[in-house]
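Hi,

Here is the structure I said I would pass on. Have a look at it first, and then read my notes below.

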Amino acid sequence: MALIRTSSPHLHKASSTADVMRLVALATLPGLAAMTFFFGWGTIINVMWACLLAVGFEACIVKIRKRPLGFYLKDYSAIVTALLLGLALPPFAPWWITLVGVFVAIVIAKHLYGGLGQNPFNPAMVAYALLLVSFPVQMTSWAEPFVLTHGDSWQVLEFTQTLGAIFGSVDPALIDMYTGATPLDAMRHRGGLTTEEVWRTVPVLAEGIGAWHAVSAAYLMGGVFLIYRKVFTLHTPAAVLGSLAVISSIFYMLDPYAFADPFFHLTAGATMLGAFFIATDPVTSATSNRGKIIFGIGIGILIYVIRGWGGYPDAIAFAVLLMNLCAPFIDQYTQPRSYGHAKAKRGMKGGA
Amino acid sequence: MSTQFSFHGGVHPPENKHRTTGLSVQTAPIPAELVVPLSQHIGAPSEIVVAIGDKVLKGQVIAEAAGRISVNVHAPSSGTVVAIEKRAVPHISGMQAPCIIIETDGEDRWIEHQGLADYHTLPKQELIDFVRHHGISGMGGAGFPTDVKLHLGDDHIVNTLVINAMECEPYITADDMLLREHSDKVIKGIEVIAHLLQPSHVMIGIEDNKPQAIRALELAAKETKLNLDIVVVPTVYPSGGEKQLIKLLTGIEVPTGHIPADVGIVCQNVGTTAAIYDAVFDGIPLISRIVTLAGEALAQPHNMRALIGTPLEVLLEAAEINQNALYRLVIGGPMMGFTVESQSIPMIKTTNCIIAASYEEMPPAPPANPCIRCGICEQVCPAELLPQQLHWFAKGKEFDKAKQHNLFDCIECGACSYVCPSNIPLVQYYRFAKSEIRNEEAEQRKADHARIRFEARQARLEQEKADKEARRKQRAADAAKAQAVKKDKAATSPDSDKAKSGEPDLKALKTAAAVSRTKLKKAQKALQNAQDKELDGQDKLKATVAELEVKAEAAQQAFDQAQNAPAPAAPVLDIKQLKTNAAVARTKLKQAEKALDKAETSGEGDIEALRVKLSEQQAKTVAAQAAYDNAESGGVAANSVSNEKLEGLKADMEAALGKVNKAQKALDTAIEGNSPAVEKMKAGVEKLQAKYDTLKAEYESTQNLAPTAAVAVSSEQVADLKADMDGMAAKVEKAQKALDVAVESGSPAAEKMKAGVEKLQAKYEAAKDEYEKAISPLNSVPLSIDLEGLKADIEALSGKVQKAQTALAAAQSSGSPAAEKMKAGVEKLQSKLDDLHQEYAQAGGQLPEPEPEVIDPKALKQQVSIMRTKLKKAQQALETANEQGDAEDLSELNAEVERLTSLHDEAKAAFDAYEKTQVDKAAAEGIDLKQLKIDAAMARAAVTKAERAAKKAREEKVEDLSGIEQQLVVAQQEAEHLNQTLSRFTD
Ligand code: SF4
Ligand code: SF4
């Protein structure tokens, strides 16, 4: 047999991009379970639907781009994008919202930029932001946790009915019963109440906040698992959560009547999902460890600023996208100091 | 001392080592045919010294080292040389290279060989040559000739010798087995190296996955007197990379673009040390080595001691290869090794492992996915690079950016490729980018070279033209003068047969000179023609031109001499003539001066030209006067002759200096470019330097012989010298500034620049010296001036030393890796200072003779502290052993502690003795060292106080500033004085 000639190294660690993606998908399961438990079947249906669409779009576009189909589908990256988008959408988002979202994410935000690894913006967040801007009504009607609709006994809208609701075969009025404002909405549009009053009077805060706490805890679990499995490092999530905690503490201390406490900011909305699953997307974040810290801090601060003063209640998508924009720049200025060099190099001297 | 540090990144590939460590090292069969490549090392291939058909004995030299970086090659077994031809050799490119093919006779008959009885008694150079002649080159990595590294002690201060026993690559167990079976050889080999390099500390780095080897090493190391530590480090790839190992063991990073010796470290591989042992103790050249045969295609994987030149198939056969299972044949480890396509290629001195891998074991790399920027590669990179960025740049051919991202610091360890989840062959990209960049640079260099050549040629042509013109003018002037002289003679001494009889001769000579000139011109034209058209035979023409030039000059000289010869015949007349000449010259000078004045005041006319004229006139006047004076005092022409000679020598000297500088510059660029010719160039530079030195010496001695000449032109020369000196000073300052900037920005070139600055400084000092020397006879008080100069030098130097010491202290406290180097620098300065002291003392006899015995108190002190640490460690171990009641260990440890105690005591005693002698010596001079120390400290404090006061005064703009500053100066002097006294007694 002819001997082969290849370049070193001749060993390869048995891990592939697909493995990484599978791990990420696995780590979202606790969050998915918690969402389902508190908000009903909608999230699961959304996620499944999104995944189906994602694979479909991916297959089409890969075909159009004349690339080997199996090879690209096997990397699971489309599935992860769909998963994250599905988790971020409101549980009763109509089917076409998801369809538009997945199309934007896979076809536009990913493949039109050259495919996996080339896209400057996080595809799921591009889709989310676009949907939020285009369809604010559908995108801001979040499901109410079961405690608000059925008290202590666990009961959510039946699976078939949810399916019907999403695909438009059920009277929208029924859905209205199950939807309401999110805690972030409530806090934002409080109509002159002090923070403490909002906490007391608005039901979603007074009684329903536990659901968000639980969901956040589930995402946190998944994130810790991924750090443990070395899928990503601690830097980004720690920087996001840390900076958010610090800035919200400062404002809370300045004026506890007008601002919410840090714990609220860390657990409400998609903070945990964002910190562990979205900001850590390697493709669109900074690369070096120092870069990741700067990137994460940027996101944390932007989240707070947009939540407090921006037009939209939740801010993860915009914060992440804005920092995506800065990532290449951050990379240029956070090159590590290489072995044997007195100082790290900065910027792009010597190159264009 | 075995504090461990860590390097960034690293990976943990499956080790796969156990399969080859079961069996002891077997001796491989002698193959029917040995294929011995001429170039198994980095550097020039060796030169063949045998012919086809020659019978050779085992160990006989078959190829000799060629050049500085090269080693001998020996016949690995006895037999007949049957061919000398190109064969495929183990190389990443799969290339063919010249090999000597020996058909073995199976007798394995040795040539007479013998080790050294006692290598300590041999001069170092001979010992190093011995190593070189035994063909020893690095056996771990690239195969760098070992003797070159053994020379590193010559111009580097080597503090630490690091022995690499890491063997961090998976599969390879050759060093492991070597250590298990021959640790004693390794240690003895280390002793040889330590004898040559004199490091203060030896560290053997070994990974913790080789417990038996560690044990064996520890046992063997008990015997040694070296300050040796076996540092066991965690297993992580690539801890065996030279730079990584150094970081791991010493915490020092080798600055980029430098070799470890620049930071006082030399690295050797254990295999190499064992080979040195074999050579030095048994006279066995490097003709065999241990090689690991591993891989799943082998039924009997194990280590073998095989002859260099054995074809792989013989070894694989011996390891019972299953040819059907063989899929990939790797030489070296799986991380950095390379594949070969043929089993008939030979193993060489650097072949430490052969992996016959099956398909399942090392399947082809899966197709690469796009990079997902996961950043894992960055986490594992031991060089702390950004592999993914480099990959983007290499892929996009943005080589500038790749370089800017330190591509050339990549050690191609493969860690990044190993972990990349997208299976990107990153290392391949880097290799590609590196070779592209190298090619580009080579092209650039070529282009630059051509340009420089062109410009040089242009300049030369112009110069030649100018020279010709000048010569022509000179001749015209000479002729006119001759004419004048003749007329004079005819007028004043009509009856001069002697002169007349000389005339025909004169004519003949003139003709001869003219003829040779014409010939020369013709030849020059031919040469130029040839150069313009780049014809062949230029060299010959050049030689002819040179020859003719000489001839023409000789002829001219003969003519001139003949012309001048009549002069001494009529000295009286001549003196008169000379007097007139001098007077005329003076008048002319005055006229020129006036003209210049006028021009200057009116600002009209060509002032520059006038000035030139003036100075010319001045020179002429001086010459005329001198000639007159000479003639009057009956002085012979000898003076002028020696002057001429002096001039010639000086020109020679300057030319040599120019050459040296040019060579140095070339060397610098070569070093920067990592050119392999560096060593050779260095040697060249040294040779040139030596030549220059001899010339200089000659020049100086001549100068001393002709002091009158020196005095005659001294005022002009002095001015020149001063200008030289000032120019130098400016240069030094500029260089210093550049250096400061470089240091601040942490540029890696700082070191080199420093050297440059030092060189300039030295030059400046030389210029200064010369200048001072030149003025001293003028002032006719040579001794006192010299003394004063020396004193000033001493003061300046001691200031420098102090500054350097503070800097050093700061560096040490901040743990800067440069501290070691700075220390060396400080020591050098100190020694310089001592030299100066000595000189001063000799000149003035004021200072007492400094300590003749050379004892390095720092080293002593260091030794003591090392010993103390070691002792403490051993004691602790003993205690724990005591607690655990491990009897066997206990006795061993006890012995160890005792040994160390005695060593410690010894060192302490040495140090104490040293201190005592110092105190005694001081006492003998009536100085109480302690009191002196206190005084010095107090003086220093006073200086600080005065400084503070001065600073404050300056800030507050106090009136009496100068008074305070005066005080400060006084205090400083006092302190310095005390310090100097003190420094004679302490370190
Ligand atoms: S390990 Fe591979 S995929 Fe990950 S960043 Fe590096 S090059 Fe890209
Ligand atoms: S091959 Fe080069 S870039 Fe890759 S890990 Fe090794 S040193 Fe770093």
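**What I found**

Let's start with A:N122, which sits in the loop between α6 (95-110) and α7 (123-134) of chain A; helices here are DSSP runs of H or I with at least four residues, strands are runs of E with at least two, and both are numbered from the N terminus. Before going on: this is a predicted model, where local features need pLDDT of at least 70 and side-chain atom pairs count only at pLDDT 80 or more, while totals for chains, interfaces and linings use all residues. Residues are numbered from 1 along each chain as its sequence is written, chains are lettered from A and ligands numbered from 1 in the order in which they are written, and side-chain values use heavy atoms, with hydrogens and water left out.

Back to A:N122: is this residue buried or exposed? A:N122 is buried, with a relative accessible area of 4% (buried means under 20%, exposed over 50%, partly exposed in between, with a 1.4 Å probe and protein chains only). Beyond its neighbours within four places in sequence, A:N122 is in contact with A:I278, A:D281, A:T284, A:V320, A:L321 and A:N324, contact being heavy atoms within 4.5 Å.

As for chain A overall, it has 20 helices and 2 strands, and 54% of its 352 residues count as buried. Among its contacts with a separation of 6 or more, 74% are between residues 24 or more positions apart.

A:W309 is another one to look at. This residue belongs to helix α19 (residues 289-309) of chain A and is partly exposed, with a relative accessible area of 49%.

Then there is the other chain. Where chains B and A meet, 72 residues of chain B are in contact with 49 residues of chain A. The two chains bury about 5200 Å² between them, 52% of it on carbon and sulfur atoms; buried area is the accessible area (1.4 Å probe) that two parts lose on being put together, summed over both. B:I372, B:R373 and B:Q404 supply 14% of the area that chain B buries against chain A, more than any other three residues.

The rule finds 2 salt bridges across this interface (a side-chain nitrogen of Lys or Arg within 4 Å of a carboxyl oxygen of Asp or Glu). A:D331 forms a salt bridge with B:R373, with the closest N and O atoms 3.4 Å apart.

Cheers
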